[in-house]
Amino acid sequence: MSRPLILIIDDEPDRSEFIRPLLHSHKQGVEVEILHPRDVKDMHLSTASVIVVDHYLDDWEERDGQIPSLRIKDGIALAAALRSQVSERNPQPAIVIRTARLEDLRGVLPIRTSQHLIAWQHDVEWILPRANLQSDISEAERLIDIVKAVVDLTTLWSNGINVNNLASDWLGLGQQNWVDVAVEHVVKTHPPVHLVAKRTHGTSILRWFLHRILPYPTFLVDEWKIAAHLGVTQAWLVEELSKNSKFRHRLDEFQYKGAFNKFDGRRWWRAGLSNFLNKMTNGKPFDSEILRKSIHFSAYSSPDFLSNFQPVLAINPESMQSTKIVNVDEAVRIIPDGWPTFADDAWALLKDIEEDKYLAQLVIDRHDLDNRSEDRSESINEINQQHEH
Amino acid sequence: MDEVRIMKELAAPFLQEGSLDILDNLYAQLETLSGPLKWQVDPNRPIITRDCGGGYERGKKGGQKVHAELCLIWELRPVGRRRGRTLQVEVGGKASTVTWLYLTGSRSSKIAHWRMELGDSQSPGSYFHVQIPETLDNSHSDTTISRSGIMWPRWLPVPRIPVLPFTPMLSLEYVLAEIFQDEWPEYINKRSSDPSVGQWRNIQMNRLKRYFEWQKELVDSGSVSPLITLKQAKPEPGLFLN
């Protein structure tokens, strides 16, 4: 069987050559072509599993003098043109935009982790920053992840796809006793396994996962969500996950190991989390005392427990990621742009909303915000009065 | 409203298809409430569970196929103005949720029913109570009762058996827990980290805590008969409000 092809289109092909050995050396086994736009042929488009297009294509003189309808302004435009040419292919390749200036694509969106919204806006599977210093996964590994997902999806697609084999074969769901609940959770997120997938030969499933599942708390949850449910700090949890403890092994049992499992940090199956909580507490998952004792006895290091009683995850305004564990009465619900209705509610700290006009616009219920603000004002007044006395 | 929305999501696998539309309709009635409302499910089109497959006994050892049907009428009226999604309401008349149990396959084979209600201001109590409405019973061996043929006759309003503060949705959860003795708790436990389960738990926990605190205050009140005190007590308006 031939190895999958990654086609990289760059107006300065030499600049991308560094990635060739990184891709070639990966155990996945891929072929790489790095070409100037003028050198791309039909055979490349007909065989590539992933097409990577550079955002800025400045050095392309053949475009000069073209009539407007033939002028390809940049990589976004080229990606759209290429998409139209591969749309009848079966399977379709994934198309990725590669950029060193993400801020030029993001518009008013926050810089970090907005790739999925930008990708969605520009009708591509992913946006890959060229200098991804903030991430601990290299550019090459991300491309490999995408190739692997495309190849696996192609196999699945050719055998006939449905929610059950999507969950077992592509998402890596095993035979755990919580499988039925996990599949139910997957169904609720409307995976496009029917007509839409048929029309796009499966690539819609890539987008569903990268744009609608991975960035949000749905049937998969991240370490922040796990920490909130367990009542521990995220920092302690991350540290504990690097240790060899009974607690860590229990969490490993429901860690997500399907497609893109390292693409954007670790994830765990929500259904597995429920099962874990029930087992840890003998069927009383909300009994914090039993839960704490259970964590304490199975962890490597002394747990750092939260003092919150009804913890929710609040959005960090800088990243627009849910990375603050706060008490529910310090926060209100918001609807960030593009937030799926099937994902857990998004929350923002009242304090952040007061300081950030963008966040304030996202509040679901203004009266809820007013009520909470009044409660806070009263609390602050009481505190002030106590100090005065 | 949150109760209806959450229960629709949680109870979906246990209900017949058409019942989800009924829950949608209940939600919509509250959403648009602006004056007195008969918030109701028509007895001719009740919420219907699926057959419990003998699940009314542990281990699904019940030998019969049974399902439940539920209807309700709660006469509500708004208190004050709607503020965003929040509107306070009070019960201004009837508040009754009726549950029937049937042998599945025959709608005429009604085998049990009960009514969960709130008492009115004139009621001798208990305020939150269940009544077993009039039935025909030929099975009792006592000759006096079998001669009359009627158990729980309409003219006899007692007993009003005290119960927890059952909203219609909690009544639905109750009947699911009764006829799906194993399946319902197992189903809920498997979804403990689902937001809807957490929300449902919070709503019920807050309400029940307030109820039990009120009950404890009554018992501690120093009356001669705590039972009579409990039986006759009526909650202050706003007991369950934030």
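Predicted model: local features only at pLDDT ≥ 70, side-chain atom pairs only at ≥ 80, totals over all residues.
**View 1. The interface between chain A and chain B.** In this view, 24 residues of chain A are in contact with 17 residues of chain B. The area buried between the two chains is about 1,700 Å², and carbon and sulfur atoms give 40% of that area. The interface of chain A and chain B holds 10 residue pairs in polar contact, both residues being at pLDDT 80 or more. On the side of chain A that touches chain B, the elements that give two or more residues are α9 (179-188), α15 (270-280) and α19 (366-388). Of the elements of chain A, α15(A) gives the most to this side, with 6 residues. The residues on this side of chain A divide into 6 nonpolar, 9 polar and 9 charged.

**View 2. A salt bridge between A:Lys188 and B:Glu9.** Across the interface of chain A and chain B, 3 salt bridges are found. One of them is formed by A:Lys188 with B:Glu9. The closest N and O atoms of this pair are 3.4 Å apart; the pair counts as a salt bridge because this kind of contact requires such atoms to lie within 4 Å.

**View 3. Strands β10 and β11 of chain A.** Strand β10 (residues 331-334) of chain A and β11(A) run antiparallel and are joined by 4 bridges. In this pairing, A:Arg333 stands opposite A:Trp347 of β11(A). Strand β11 comprises residues 346-349 of chain A, and both of its faces are covered. A:Ala346 and A:Ala348 are buried on one side, while A:Trp347 and A:Leu349 are buried on the other. In a regular strand, side chains alternate between the two faces of the sheet.

**View 4. Two cis peptide bonds in chain B.** The peptide bond from B:Gly125 to B:Ser126 is cis, with omega near 0 degrees. B:Ser126 belongs to the loop between β5 (110-118) and β6 (128-131) of chain B. Another cis peptide bond joins B:Val158 and B:Pro159, with omega about -5 degrees. B:Pro159 is placed in the loop between β8 (150-151) and β9 (161-162) of chain B.

View 5. A:Asp123 is not a glycine, yet its phi is positive, at about 60 degrees. This residue lies in the loop between α6 (115-121) and β5 (126-129) of chain A. A:Asp123 is partly exposed, with a relative accessible area of 42%. A:Asn282, likewise a residue other than glycine, has a positive phi near 50 degrees. The loop that holds A:Asn282 runs between α15 and α16 (288-298) of chain A. A:Asn282 counts as exposed, at 73% relative accessibility.

Technical notes. Residues numbered from 1 in each chain as written. Chains lettered and ligands numbered in written order. Heavy atoms only, no water. Contact = heavy atoms within 4.5 Å. Buried area = accessible area lost by both parts, 1.4 Å probe. Salt bridge = Lys/Arg side-chain N within 4 Å of Asp/Glu carboxyl O. Polar contact = N/O pair within 3.5 Å; in protein donor to acceptor, adjacent residues only side chain to side chain. Nonpolar A, V, L, I, M, F, W, Y, C, P; charged D, E, K, R; others polar. Buried < 20%, exposed > 50% of the residue type's maximum accessible area, 1.4 Å probe, protein only. Pairing = 2+ DSSP bridges.
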